[in-house]
Amino acid sequence: MEKIDNKILDRLQTGLKLEASPFQKIAAELGIEAEELLRRIKKLKKEGYIRRLGGIFRSSRLGYKSTLVALKVEEKNFYQVAEIINQHSGVTHNYRRDHQLNLWFTLSTTSELEQDNFLAQIKALPGVKELYQLPKEKFFKLNVFFKMEEEAGDDHE
Amino acid sequence: MIMNNISDKKFGEIVDELDKKIIKVLETDIPLNLNPYQKIAEDLNIDRAELLTRLQKLKEKKF
């Protein structure tokens with residue numbers, strides 16, 4: 001990855017303007033041609049540095065029911081349970097954790113009923129010993145920015 | 001998360017069918033060309049100005 005790619009990744013994370021040619025604008029800011037910017041974005045995507053470039057919406061505003069779920073799963077059934085959870089399209093994160101509650105995932109469903117049904121199904125799977133539903137009580141922060149470009153002064157090359 | 005089945009409860013009262021279609025498209029990747037919104041608008045059979053106006057409104061309404 002070249003230096004300009006770091007700059008591109010930093011800039012893209014701050015969002016695209018809702019205007020006719022958002023890439024043109026970013027290219028101008030970075031001092032490169034729009035064609036070069038698009039070519040580099042495509043490459044960064046192909047190489048797996050960019051997962052997705054698109055809209056991000058608030059699922060709760062769209063009428064979705066969301067919760068965090070913690071499970072205690074027996075080791076011999078662990079990956080099988082994780083695989084079944086992954087098949088639900090409303091599961092956005094699913095992690096193994098170093099704790100007796102060893103499997104944690106987030107679930108968004110279109111209704112409470114769908115949530116209840118899915119969790120009942122998970123709870124009944126072989127090896128699932130405990131299941132805790134941990135819905136959000138208060139929202140503090142949701143943001144992520146991975147700084148790719150070092151400040152000029154931090155550059156120890 | 002791709003919202004294949006946007007809930008009608010509550011959601012339907014606030015935004016209309018076209019907004020739902022716009023959200024579904026935006027949840028996938030936007031086209032990597034000089035006029036990405038033009039391409040999305042064409043796919044939805046609306047003009048670009050309308051798409052941008054609606055996106056602006058969805059943003060203002062904190063969707």
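Visitor: How does the span of helix 3 of chain A agree with its number of residues?

Guide: Helix 3 covers residues 34-46 of chain A, which is 13 residues; at 1.5 Å a residue these should span 18 Å, and the end C-alpha atoms are 18 Å apart, so the two agree.

Visitor: Which residues of helix 3 of chain A are buried, and where do they fall around the axis?

Guide: The general idea comes first. An α-helix has 3.6 residues a turn, so residues three or four places apart point the same way. In this helix, A:L37, A:R40 and A:I41 are the buried residues. Viewed down the axis of helix 3 of chain A, the buried residues lie within an arc of 105°, so they line one face. Their packing partners are helix 1 (3-13) and helix 2 (22-30) of chain A. On the other side of helix 3 of chain A, A:K42 and A:K46 are exposed.

Visitor: Which helices of chain B supply residues to the side that touches chain A?

Guide: The contact takes 28 residues from each of chains A and B. On chain B, helix 2 (17-26), helix 3 (36-43) and helix 4 (48-60) each supply at least two residues. Helix 4 of chain B gives the most, 4 residues. By type, the residues on this side of chain B are 15 nonpolar, 7 polar and 6 charged.

Visitor: Where in chain A does pLDDT stay under 50?

Guide: Where pLDDT is low, the predicted coordinates should not be read in detail. In chain A this concerns residues 153-157, where pLDDT stays under 50 and the model has 1 contact beyond four places in sequence. Chain A averages a pLDDT of 90, with 96% of the residues scoring at least 70.

Notes. Residues numbered from 1 in each chain as written. Chains lettered and ligands numbered in written order. Predicted model: local features only at pLDDT ≥ 70, side-chain atom pairs only at ≥ 80, totals over all residues. pLDDT = per-residue confidence, 0-100. Contact = placed C-beta atoms within 7 Å. Nonpolar A, V, L, I, M, F, W, Y, C, P; charged D, E, K, R; others polar. Expected span 1.5 Å × (residues − 1). Buried ≥ 20, exposed ≤ 12 C-beta atoms within 10 Å, placed from the backbone. Arc of directions from axis to C-beta.
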